[in-house]
Amino acid sequence: MRVNAPMKVVSIGGGPAGLFFSIVLKRVHPAAEIVVHERNAPDDTFGWGVVFSDQTLGNIAAADPETFARIAADFVHWDAIDVNYRGRTIRAGGQGFAGIARKRLLGILQERALALGVDVRFRSPIDADAVRDADVIVAADGANSATRRAHETIFGTTLEGRRCRYMWLGCRQPFEAFTFAFERTDHGWFQIHAYQFDAHTSTVIVECREETWRAAGLDTMSTADSIAYCERLFARFLGGHPLMSNAAHLASPWLSFVQVNNARWSHDNVVLLGDAAHTAHFSIGSGTKLALEDAIALAKALAAHSEPAAAFAAYEAERRIEVLRLQNAARNSTEWFENVARYAALEAEQFAYSLLSRSQRLSHENLKVRDGAYVRRVEGWLAERSGVSEPIPPMFLPYRLREMELVNRVVVSPMAMYRCRDGTPDDFYLVHLGSRAQGGAGLVFTEMTCVAADARISPGCAGMYRDEHLAGWKRIVDFVHANTPAKIALQLGHAGPKGSTQVGWESPDEPLVEGNWPLIGPSPVPFGERSAIPREMTRDDMDRVVKQFVRAAHMGIAAGFDLLELHCAHGYLFSSFITPLTNKRTDAYGGSLENRLRFPLEVFAALRANWPERLPMSVRISATDWVEEGVTPDDAVEIARAFRAAGADLIDVSAGQTSRRAKPVYGRMFQTPFSDKIRNELGIATMAVGNITDADQVNGIIASGRADLVAIGRMHLADPYFTLHAAAALAYDAQPWPLSYLPGRDHYARTIRRAAEAAEVVR
Ligand SMILES: Cc1cc2nc3c(=O)[nH]c(=O)nc-3n(C[C@H](O)[C@H](O)[C@H](O)COP(=O)(O)OP(=O)(O)OC[C@H]3O[C@@H](n4cnc5c(N)ncnc54)[C@H](O)[C@@H]3O)c2cc1C
Ligand SMILES: Cc1cc2nc3c(=O)[nH]c(=O)nc-3n(C[C@H](O)[C@H](O)[C@H](O)COP(=O)(O)O)c2cc1C
């Protein structure tokens with residue numbers, strides 16, 4: 001930075017990011033000399049309206065009240081979202097959005113920047129080399145940023161094309177709500193996202209899958225013909241008004257969204273801002289929001305730090321997490337619209353709920369706060385389908401699989417406790433599983449229970465291969481059945497290449513210090529660097545393993561379990577057959593997915609043939625290896641299909657843990673999208689699991705049809721009474737409590753109600 005000289009700042013690009021940045025910087029650092037170069041003329045913008053949430057408006061108001069006041073004067077504000085699907089319109093209120101013409105927004109920002117003394121130059125295309133001597137060069141030149149492209153490797157740019165085509169159009173039809181409409185054609189689904197942004201005009205974005213677009217011949221149609229096609233398709237929503245294009249400068253009006261990411265947002269004196277740094281799909285309405293919020297953060301960081309590098313680091317540190325959060329939500333949303341066909345079997349009520357909650361950011365309680373009557377209607381609809389007479393929180397809906405009836409949708413996920421001696425579950429297991437059954441979950445799973453001593457993961461794992469095991473399990477099952485309404489499931493497994501390892505609180509997945517036993521697997525591929533190499537299984541080995549499972553299943557019947565699950569996930573024996581990462585066989589059990597599934601399916605079928613007809617069976621799978629050459633979510637649909645054909649009633653959808661090379665994308669409910677995909681593409685019951693931490697999330701998952709059951713692992717270790725606590729918090733009285741605990745229920749409910757009231761007073 002020059003000593004005692006004003007900071008010289010150049011913005012390449014005068015879109016929302018560059019202009020608002022110049023405004024905020026002028027306010028917080030009036031001495032800065034700012035030039036904004038915009039290649040277009042002042043009123044030369046394509047596009048129609050943009051949308052802001054109430055929260056974004058608050059951020060703009062705090063950063064520059066004048067800009068906010070001007071924008072607010074031009075807003076079209078609306079509150080409801082309409083979902084038009086299969087001849088029905090489902091309306092949800094309380095959504096609080098505002099629309100404004102992009103042109104008007106830019107006009108306001110331009111005037112404000114000029115008034116504050118920013119040197120805004122129109123028709124001034126520029127590249128970074130020409131302004132090299134500025135202290136700070138802001139690359140605000142949009143998603144196709146040439147400034148970024150010039151140093152793509154340094155910024156670590158990744159560009160990911162998506163699967164839909166869309167056209168950004170205008171229309172004189174006044175939409176009174178933010179309107180989604182879906183139309184099915186012979187070529188696939190089309191949808192519109194429509195909202196009014198000034199007194200006379202609305203944005204109408206038409207979108208469809210790339211293959212639908214081609215099959216409909218839109219790839220070769222002129223703009224006029226494309227528009228005529230869309231007018232005919234969505235005629236009943238357009239009130240006779242034509243659709244209008246203002247994208248004459250584009251070769252085709254049909255665009256495809258590109259997800260832009262950068263590993264670094266600055267290099268030397270250049271810093272990326274807005275769409276140049278990151279994009280977020282329009283279906284979440286947040287590209288301009290991110291651009292404006294970036295602008296605020298960068299301007300403030302430059303005012304606070306004398307060195308640009310320190311300012312850039314502070315800006316990136318402040319913004320990166322928020323941007324990632326939004327991009328995650330936007331990705332879920334993008335995928336939802338790319339996969340409308342997946343949801344086409346849902347009835348309008350659930351289709352609309354699934355749409356509204358698509359980003360996994362808007363929860364059941366959020367929706368309730370926004371429009372309680374809407375949520376009550378959804379809950380009523382769900383209740384009716386479960387034979388319940390009035391609306392209740394969806395997590396408490398009963399569920400039936402074959403003759404097993406569950407009192408609610410909450411499941412204690414299988415979790416190894418590593419406390420058995422020679423495989424026998426003792427008093428610890430009785431208290432552990434017994435208290436979780438008393439805690440209100442509808443279904444409680446045993447941990448992976450191993451079918452032979454050498455099938456165990458660790459010396460502490462539970463077994464089902466000796467008489468003592470049967471006696472130990474029967475005592476637990478009897479307790480659960482006698483004292484709680486819960487059902488109890490037996491998860492059977494074989495550790496395969498991940499066997500003979502240390503217990504969970506030592507070095508899990510690493511070999512024992514001493515006393516290791518030999519491992520078997522599909523191929524001699526060790527799990528980790530220090531793992532033993534498994535012996536490639538022969539047909540005799542397979543026959544032996546099938547017998548061990550059938551024996552364990554019979555013991556499970558004798559113990560009185562209600563459901564049997566085969567563990568085919570997480571890199572254990574069957575999972576190691578399914579994933580190509582560890583199955584390198586060249587015989588009938590390796591190669592294609594069909595071959596890799598052969599042995600796990602054979603075991604499953606043998607279990608099904610021996611397990612009582614009246615009782616259900618499930619299978620836990622890893623729906624992705626999180627490794628490029630591994631199992632993909634599309635494969636997972638085929639895996640689930642194959643197990644369904646073998647008699648599976650429920651797919652327990654987990655993911656990963658099959659390879660040390662995995663790069664999982666963690667987050668709230670991060671595996672639930674796989675359950676959603678399998679359930680709705682196949683029409684089979686699924687159980688979601690993975691970082692599901694509260695009742696609100698469970699309610700949302702069930703209401704949206706992303707899963708039929710929700711398994712909760714670690715939260716149940718922290719709170720055995722997860723379900724009872726949720727019932728008290730939601731004032732749901734029909735959840736059965738152990739009779740002796742009823743005074744605790746009422747006391748707990750009063751205590752949390754008072755705490756909530758006190759928090760309300762403080763606010
Ligand atoms: C169909 C569609 C609908 C959308 N709807 C919404 C919505 O409802 N809500 C929302 O928040 N966002 C929406 N967006 C996203 C929004 O348009 C962008 O996220 C936002 O405009 C980003 O602002 P920006 O300033 O970073 O980039 P841009 O708006 O792209 O601005 C970049 C500017 O840089 C200029 N420029 C480029 N190169 C040069 C150069 N070399 N020299 C000088 N100038 C240059 C360009 O002319 C342009 O004016 C939508 C986008 C699309 C495509
Ligand atoms: C201590 C522990 C032991 C586990 N053991 C098993 C197991 O035996 N079988 C299994 O399928 N999953 C097992 N898991 C995975 C859980 O069932 C669950 O899928 C995972 O913890 C993610 O859910 P959560 O985020 O709710 O904890 C285990 C998880 C933990 C934390």
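Visitor: What should I know before we start?

Guide: This is a predicted model, where local features need pLDDT of at least 70 and side-chain atom pairs count only at pLDDT 80 or more, while totals for chains, interfaces and linings use all residues. Residues are numbered from 1 along each chain as its sequence is written, chains are lettered from A and ligands numbered from 1 in the order in which they are written, and side-chain values use heavy atoms, with hydrogens and water left out.

Visitor: OK, ligand 1. Which residues come nearest?

Guide: Ala17, Glu38, Arg102, Asp275 and Thr288 come nearest, out of 31 residues around ligand 1. A residue is near if one of its heavy atoms lies within 4 Å of the molecule.

Visitor: And what N or O atoms lie by the oxygen atoms of ligand 1?

Guide: An N or O atom in the Arg102 side chain is 2.7 Å from an oxygen atom of ligand 1, and one in the Asp275 side chain is 2.8 Å from an oxygen atom of the ligand. A polar contact here is a pair of N or O atoms within 3.5 Å. The protein covers 89% of the 990 Å² of accessible area that ligand 1 has on its own, by the Shrake-Rupley method with a 1.4 Å probe.

Visitor: Which element gives the most to that shell?

Guide: Helix H10, with four residues. H1, E3, strand E11 (164–171) and H10 (287–304) each supply at least two. Helices (H or I, at least four residues) and strands (E, at least two) are DSSP runs, numbered from the N terminus.

Visitor: How does the shell split by class?

Guide: Around ligand 1 there are 14 nonpolar, 11 polar and six charged residues. Ala, Val, Leu, Ile, Met, Phe, Trp, Tyr, Cys and Pro count as nonpolar, Asp, Glu, Lys and Arg as charged, and the others, Gly among them, as polar.

Visitor: Now ligand 2. How many residues surround it?

Guide: 16 residues surround ligand 2, and the closest are Ser413, Pro414, Asn691, Gly713 and Arg714. By class, that shell has six nonpolar, seven polar and three charged residues.

Visitor: What touches its oxygen atoms, in polar terms?

Guide: A polar side-chain atom of Ser413 lies 2.7 Å from an oxygen atom of ligand 2, and one of Arg620 lies 3.0 Å from an oxygen atom of the ligand. With Met448, a polar backbone atom is 2.9 Å from an oxygen atom of ligand 2. Taken alone, ligand 2 exposes 600 Å², and the protein buries 82% of that.

Visitor: On to the sheets. In what order do the six strands run?

Guide: The order is E8-E2-E1-E9-E18-E17, an open sheet with mixed pairing. Two strands pair if DSSP finds at least two bridges between them. At the edges are E8 (119–121) and E17 (266–267), each pairing on one side only.

Visitor: How do E1 and E9 pair?

Guide: E1 (residues 8–12) and E9 (residues 136–139) pair in the parallel sense over four bridges, with Val9 opposite Val136.

Visitor: And the three-strand sheet: why is one side of E3 left without a neighbour?

Guide: That open sheet has the order E3-E7-E4, with antiparallel pairing. E3 (49–53) and E4 (76–78) stand at the edges with a single partner strand each, so one side of each has no neighbour in the sheet. Five bridges join E3 to E7 (residues 97–101), and Ser53 has Phe97 as its bridge partner.

Notes: Polar contact = N/O pair within 3.5 Å; in protein donor to acceptor, adjacent residues only side chain to side chain.
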